[in-house]
Amino acid sequence: MTGFGRGSASTTLWHANVEITTVNRKQAEVVIQAPRELNELDARIRKQILAVLSRGRIQVSINLENTTSEATEIELNSQLAQSLEAAFTELGNRLGRPLLPTASDLLRQPDFILTRKSGMDPEACWGAIEPALEEALQNLAAMRAREGEDLKADLLTRLSELIRLAEKIAAEAPARPARQLEVLQKRLRDANLELNLDDERLLKELAIYADRCDITEELTRLDSHFAKFKEYLDAPEPPGRPLDFLCQELFREFNTIASKANDAQIAQSVVEAKTELEKIREQVQNVE
C-alpha cells in the first residue's frame, strides 16, 4: 500500500531527519538516499525497514545536520583542474595563441568543489538515524493502517456480493435439469418426434445429465473459501499473498460452475462474480 512517514532525532553531535514513502509493488524494493559517507549503514537501515515492510517500493531519504560548531570541509579537485589546463594549453597551441582556464571555467565544472561535514562517522550518525527511522516507520505504519481499514471494509462489501451471487446460483441449480428437459422437448417437437417420458433411455440420459451438472461440490468449496477470506482479513499477518492465491481458487470454482451448469442464468451470475473478483484481486495485490 502507499504511505508516508517522517521522523527526526538528535544526539549531541547530529540531528537526523528521515522520510519514508511507499508505493505498490509485489516485491520489496528499498531505495536509500543518504550521504555517501554512510554507505556502510545500508544493511542496518534495510534490516530495520524489512522487519516492518515486506512489499512495495520503499524510498528512504536521510538528511543529517551537524549540531556542533565543526567547520564544513572544502576539497578541491586538483586533478580536474590540471586536466582542464592541459586541454586549454593544447587548444592554444592549435590556435597559435596562449589560452588558460579562468576561475569561472573551473567553477563551472561539476564536482570541482566538494564539501562535507568533518567527522561524519557512521557509528556516531547511527545514534540519531536509528530512532528517527523508527519514528518514521511508526508514522508510516499508522497511515497504512488507516488505509488498510478502508480497504478491508471495501473488500468485505465485495465479498458479500460474491456470497449473494453464489447463493443465487445455488437457488437456480436445482431447476437446471427441468430446464434441460424443456429444451429437449422443444427440439423433439421441432423435429416432429414424440417424447415418451416413460422411456427408460430418456430417463437415464436425464439422470446422467443431472449428475454432470451437479455443482454442489463447487458451491461447498466456495463457502469454505469465503470463510477463509474473512479469516485472512482478520489475521494479524500480512494477508496480501494468501488473498491473491484465494482469488485464483475462487476464479477456478466459478469457472467450473459455469462449465458444468451450462445454463444462461447461472452463466450470468458467474460473469458478475468474476467481475467482482477482478476488482478484488487488483486490490489484494496491493495489500502487504
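Biologist: At what angle do the axes of helix α4 and helix α7 cross, and within what distance do they come?

Modeller: The axes of α4 (residues 122–172) and α7 (residues 216–234) cross at roughly 170° and come within 11 Å. This is a predicted model, in which local features need pLDDT of at least 70 and side-chain atom pairs count only at pLDDT 80 or more, while totals for chains, interfaces and linings use all residues. Residues are numbered from 1 along each chain as its sequence is written, and side-chain values use heavy atoms, with hydrogens and water left out.

Biologist: Why is α4 called roughly antiparallel to α7?

Modeller: Angles over 145 degrees count as roughly antiparallel, under 35 as roughly parallel, 65 to 115 as roughly perpendicular and the rest as oblique. The crossing angle is roughly 170°, and therefore α4 is roughly antiparallel to α7. Contact (heavy atoms within 4.5 Å) involves, among others, L155 and L159 of α4 and L222 and F226 of α7.

Biologist: What makes E253 count as buried?

Modeller: Buried means under 20% relative accessible area, exposed over 50%, and partly exposed in between, with a 1.4 Å probe and protein chains only. E253 has 5% relative accessibility, so E253 counts as buried. This residue is in helix α8 (residues 240–261) and touches E218, R221, L222 and H225, not counting residues up to four places away in sequence. E253 is also linked with E217, E218, R221 and K260 in a network of salt bridges.

Biologist: How do you know that R6 forms a salt bridge with E19?

Modeller: A salt bridge is a side-chain nitrogen of Lys or Arg within 4 Å of a carboxyl oxygen of Asp or Glu. The closest N and O atoms of R6 and E19 are 3.1 Å apart, so the pair meets the definition. R6 lies in strand β1 (residues 3–10) and E19 in strand β2 (residues 14–23), so the pair ties together parts that are 13 residues apart in sequence.

Biologist: Which parts does the salt bridge of E276 with R158 tie together?

Modeller: The closest N and O atoms of E276 and R158 are 3.2 Å apart. E276 lies in helix α9 (residues 264–284) and R158 in helix α4, so the pair ties together parts that are 118 residues apart in sequence. Both residues are buried.

Conventions: Axes are lines fitted to C-alpha atoms, for helices over the stretch in contact, and angles run from 0 to 180 degrees between N-to-C directions. Helices (H or I, at least four residues) and strands (E, at least two) are DSSP runs, numbered from the N terminus.
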